[in-house]
Every structure is written in C-alpha cells, then in structure tokens.
Amino acid sequence: MTEVMLPRTMVNQLLHQAQASSRREICGLIGARNGIPSNCYPINNIASDPQRQFFMDPQGQIEAMRRMREGGEELFGIYHSHPETPPLPSKSDLAQAAYPDALYLIISLNTKGVLEMRGFRLQGEAYKEIELQL
C-alpha cells in the first residue's frame with residue numbers, strides 16, 4: 001500500500017485533538033471496516049515525558065480494541081502528535097512500533113500556522129512514508 005485515503009471528518013478530528021493539546025503528545029487508534037478508516041479512538045498518553053513521547057494507557061488501549069471488535073472494525077492505524085518536532089518517526093517511535101501492518105500517523109505542531117500530518121509503515125529501525133489523500 002503506497003497511498004491511503006483518510007475521511008476529511010477524521011482528519012479534522014485528529015488535527016483538532018492535536019491543537020487542543022499543544023504541549024503534550026496526543027495518541028490513539030484508528031479502526032477500519034473493510035480496509036476503510038471509520039473511527040478514531042483517543043487514548044490517554046501516560047508517558048513520563050508527554051511533551052516528547054507517548055505511551056498509550058493500557059486500559060484505554062484495551063477498551064478501544066474492544067470497541068473496535070464490537071463495531072466490526074479492525075486496527076487500521078496508530079496516531080500521535082509531535083508538539084515540537086517535525087512529523088517524522090523518532091527513535092522511540094521506531095523502538096515502540098509493534099504493529100507492522102498498521103499505518104502510523106504523526107501530526108506536527110512544529111509549523112507556523114499550519115498543522116502537518118504524515119503517514120508511515122514502521123518496521124524495526126526502518127520506515128516508509130505512505131502518501132495520504134486527505
């Protein structure tokens with residue numbers, strides 16, 4: 001998969017979450033039905049340094065996966081924001097990547113007046129950018 005189409009309402013929701021928490025990384029999961037992204041599930045970031053990294057609350061992650069399963073969705077993507085850095089995978093993002101089939105979305109607030117969102121496939125210490133159709 002070299003390109004992914006995201007619904008405009010989902011893009012707006014993700015960008016709004018990032019703007020509303022401009023000093024902390026936001027994070028969550030994206031569910032899909034038949035390979036089409038359908039819902040995002042915000043999860044609390046419980047990292048010790050939430051301005052520079054994210055760690056999803058395990059209970060929140062379990063609850064989101066349960067809601068996806070009950071709604072007939074599968075895991076499509078994992079998203080988080082970078083309040084102070086470009087939307088590129090950090091070393092900790094790569095080290096924590098546990099779902100090689102998931103799309104990883106990174107939203108950057110490190111731009112002047114414009115939010116930037118990019119998508120990636122992460123595997124080990126490597127990543128491949130996926131073109132987003134918004």
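Met-5 has Gln-133, in strand 7, as its bridge partner. The structure described here is a predicted model. The protein contains 3 helices and 7 strands, and from the N terminus on these elements follow the order β-α-β-β-α-β-α-β-β-β.

**Overall form**

- The protein has a radius of gyration of 14 Å, which agrees with the value near 14 Å that a compact globule of 134 residues would have.
- Taken along the principal axes, the box filled by the C-alpha atoms is roughly 35 × 30 × 30 Å.
- Of the 134 residues in the protein, 42% are buried.
- Among contacts with a separation of 6 or more, 62% are between residues 24 or more positions apart.

**Strand pairing**

- Strand 6 and strand 7 run antiparallel and are joined by 5 bridges.
- Leu-122 stands opposite Tyr-127, a residue of strand 7.
- A hairpin is formed by strand 6 and strand 7, with 2 residues between them. In its turn, Gly-124 has a positive phi of about 60°.
- In a regular strand, side chains alternate between the two faces of the sheet.

**Helix 1**

- Helix 1 consists of 13 residues, and the distance from its first C-alpha to its last is 18 Å, close to the 18 Å expected at 1.5 Å a residue.
- The buried residues in helix 1 are Met-10, Val-11, Leu-14, Leu-15, Gln-17 and Ala-18. These residues lie on the same side of helix 1 because they cover an arc of only 155° around the axis.
- Thr-9, His-16, Gln-19 and Ala-20 are exposed, and they are carried by the face of helix 1 turned away from its buried side.
- The cover over the buried residues of helix 1 includes strand 2, strand 3 (36-43), strand 4, strand 5 and strand 6 (116-123).

**Nonpolar cores**

- The largest nonpolar core has 20 residues, of which Leu-6, Leu-14, Ile-30, Leu-105 and Met-117 touch the most other members.
- Two or more residues of this core come from each of helix 1 (8-20), strand 2 (27-33), strand 4 (74-82), strand 5 (103-108) and strand 7 (126-133). Helix 1 gives the largest share, 5 residues.
- Another core, of 15 residues, lies apart from the largest one. Tyr-41, Ile-43, Phe-54 and Ala-102 are among its residues.
- Leaving aside neighbours within four places in sequence, Leu-105 is in contact with Leu-6, Leu-14, Ile-30, Ile-78, Tyr-79, His-80, Met-117, Arg-118, Gly-119 and Leu-132.

- Phe-55 is located in the loop between strand 3 and helix 2, the latter spanning residues 58-70.
- Phe-55 counts as partly exposed because its relative accessibility is 43%, a value between the limits of 20% and 50%.
- Neighbours within four places in sequence aside, the contacts of Phe-55 are with Asn-44, Asn-45, Ile-46, Ala-47 and Gln-96.
- Phe-55 and Asp-93 are 38 residues apart along the chain, and their C-alpha atoms are separated by 9.8 Å.

Terms used:
Residues numbered from 1 in each chain as written. Predicted model: local features only at pLDDT ≥ 70, side-chain atom pairs only at ≥ 80, totals over all residues. Heavy atoms only, no water. Core = buried A, V, L, I, M, F, W, Y, C linked by side-chain atoms within 4.5 Å. Buried < 20%, exposed > 50% of the residue type's maximum accessible area, 1.4 Å probe, protein only. Helix = DSSP H or I, 4+ residues; strand = E, 2+ residues; numbered from the N terminus. Contact = heavy atoms within 4.5 Å. Expected span 1.5 Å × (residues − 1). Arc of directions from axis to C-beta. Pairing = 2+ DSSP bridges. Rg over C-alpha atoms; globule rule 2.2 N^0.38 Å.
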